[in-house]
Amino acid sequence: MNRLVVAAPASGSGKTTVATGLMAALRRAGSRVAPFKVGPDYIDPGYHSLATRRPGRNLDPVLVGEHRIPGLFAHGSKGCDIAVVEGVMGLFDGRVDTAGVGSTAHVAKLINAPVLFVVDARGQSRSLAALLHGFRGYDPTVRLGGVILNQVGSERHEQVLRSACDEVGLDVLGVLPRDPQFSLPSRHLGLVTAAEHGAEAVAAVDAIAAAVAKHVDLDAVRRLARSVPAMAVAAWEPQVEPVAHEPVIAVAGGAAFTFGYAEHVEVLKAAGAEVAVVDPLNDEDLPEGTAGLVLPGGFPEQHAEALSANAKLRDAVARFARSGAPVHAECGGLLYLARSLDGHPMCGVLDADGFMTPKLTLGYRDAVASAGSPLHLPGSRVTGHEFHRTQLSTPHSDPPAWHWRGVDSRPVAEGFVAGGVHASYLHTHPAGDPEAVARFVRACHPFVAGAAGGTVFA
């Protein structure tokens, strides 16, 4: 698999713009492109999907374990001839208080890929040489294979920057001029999702692709991607035992619920489930025969009024949850199950109200399951990720979904476990614990025929 990683010295350098444009330009030039994103991000992969017409996937050693990264990469690269991996933050930025675990550099080494370095050149000239020298020398096992200069102001500016790259022996593979249309729309948690932005997202990707095709040497990019040996690794597959009863599991989708990993549906299907998508903005009932419900994250706070207006589905979800059937809700799904969100009535399954705050809650969590649920046995350990600007008036039930150690090792209780409901702010990756997904599918069995069960999750 020909492959490369798009990285940068810091966030805001143009990684997403360049990576997305590169994916789209390569596809339009005839390549079959496999798109990836380092880290837990859900938003960038949506644009990658628009660019490549393939599922955007994540490579996060913190959430799934570094031993799974090569296999997940091989899995997502099937049928393609080049893979483009967008990095996260700065090249060496990983989980806080670790030696770069989960960083772009870490993933580049795990898949033995060269790095295409994107530099925001505003305010720089010859000092670029020192920056590149420092990044290349910091960890010589990470190979910087070329540079893309972004936000270049003039022909003279380009000449000076190219000279600086020559000083340190790094090839310039592209030069992008300053142009406000080479960007994607953003808001409080980063970019606006591609699903929400609709036709404007498509237009933005088209504009970026045209710019990359014009200003980047795609042949040089392909040569860089070919400059590494083939990977001798088996593609990841969900190692779960399928059930025989094929329960229908409804998974919330549409513009309000876009935060999901492609592997989640794949593991659900491998475990024997029939997956049906339900859009809480438009659908008025759960799919026929629903025996389990997955409510992933997203931006329900941006659609609270419309979600609230769909009272028929809210009532259906409430009845379903109160029947004891399995419900798995993460972050946005948690808010949808609350009594209200910013004053708009929601499903009322949880005794809590959600509201926006100016504070961003962000970071990895090493969590322990506090109680038995359709997903986890008590005491099960997972690593998940929080990413939200909302809070709940009541942060957890008794028992909560999780316990973990917070700042200064203070204990934190978070989330809700009640009947068949497991609801939490914590995002988890199904490839890190496919057995939890399989357990969820098995828990649906008593509800396949629509019968209320008395299942005890222990």
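# Chatting through a predicted model

Student: Which residues are buried in α2?
Tutor: Ile 43, Asp 44, Pro 45, Tyr 47, His 48, Ala 51 and Thr 52 are buried there. Keep in mind that this is a predicted model.

Student: Is helix α2 mostly covered or mostly open?
Tutor: Mostly covered. The helix runs over residues 43–52, and seven of its 10 residues are buried.

Student: What follows α2?
Tutor: Arg 53 does. Its phi is positive, near 65°.

Student: Let's zoom out. How many helices and strands does the protein have?
Tutor: There are 15 helices and 21 strands. The radius of gyration is 23 Å, close to the 23 Å that the globule rule gives for 458 residues, so the protein is as compact as a globular protein of that length.

Student: What box do the C-alpha atoms fill?
Tutor: Roughly 70 × 50 × 45 Å, taken along the principal axes.

Student: How much of the protein is buried?
Tutor: Buried residues make up 57% of the 458.

Student: What about contacts between residues at least 6 apart in sequence?
Tutor: Of those contacts, 75% join residues at least 24 apart.

Student: Okay, single residues now. Where is Ser 13?
Tutor: Ser 13 sits in the loop between β1 (2–7) and α1 (15–28).

Student: Buried or exposed, that Ser 13?
Tutor: Buried. Its relative accessible area is 8%, and the cut-off for buried is under 20%, so Ser 13 qualifies.

Student: What does the side chain of Ser 13 reach?
Tutor: It reaches the backbone oxygen of Ala 10, at 2.8 Å.

Student: Which residues does Ser 13 contact, leaving aside neighbours within four places in sequence?
Tutor: Ser 13 is in contact with Ala 8, Val 118, Asp 120 and Asn 150.

Student: New topic: Arg 365. Which strand is that in?
Tutor: Arg 365 lies in β16, residues 353–369.

Student: Why does Arg 365 count as buried?
Tutor: Because its relative accessibility is 18%, and buried means under 20%.

Student: Which side chain makes a polar contact with the side chain of Arg 365?
Tutor: The side chain of Glu 386, at 2.7 Å.

Student: What else does Arg 365 touch?
Tutor: Not counting residues up to four places away in sequence, Arg 365 touches several residues, including Arg 95, Val 382, Trp 404 and Leu 426. Glu 386 is on that list too.

Student: How far apart are Glu 305 and Arg 365?
Tutor: They are 60 residues apart in sequence. In space they are 31 Å apart, C-alpha to C-alpha.

Student: Where is Glu 305, then?
Tutor: Glu 305 is in helix α12, residues 304–309. Glu 305 is exposed, with a relative accessible area of 59%.

Student: There's another glutamate, Glu 158. Which helix holds it?
Tutor: Helix α7, residues 155–167. Glu 158 is partly exposed, at 24% relative accessible area.

Student: What does Glu 158 touch?
Tutor: Val 152 and Val 175, not counting residues up to four places away in sequence.

Student: How far is Glu 158 from Ala 121?
Tutor: The two are 37 residues apart in sequence and 9.1 Å apart in space, C-alpha to C-alpha.

Student: Backbone next. Which residues does the cis peptide bond join?
Tutor: Asp 398 and Pro 399, with omega at about 10°. Pro 399 lies in the loop between β17 (381–392) and β18 (402–405).

Student: What is phi of Asp 97?
Tutor: Near 65°, a positive value in a residue other than glycine. Asp 97 is in the loop between β4 (82–86) and α5 (104–110). At 77% relative accessibility, Asp 97 counts as exposed.

Student: Last one: what is phi of Ser 409?
Tutor: Near 65°, and positive. Ser 409 is found in the loop between β18 and β19 (411–414).

Definitions and conventions
Residues are numbered from 1 along each chain as its sequence is written. This is a predicted model: local features need pLDDT of at least 70, side-chain atom pairs count only at pLDDT 80 or more; totals for chains, interfaces and linings use all residues. Side-chain values use heavy atoms; hydrogens and water are left out. Helices (H or I, at least four residues) and strands (E, at least two) are DSSP runs, numbered from the N terminus. Buried means under 20% relative accessible area, exposed over 50%, partly exposed in between (1.4 Å probe, protein chains only). A polar contact is a pair of N or O atoms within 3.5 Å; within protein, one must be able to donate a hydrogen and the other to accept it, and residues adjacent in sequence count only if both atoms are side-chain atoms. Contact means heavy atoms within 4.5 Å. The radius of gyration is taken over C-alpha atoms; the globule rule is 2.2 Å times the number of residues to the power 0.38.
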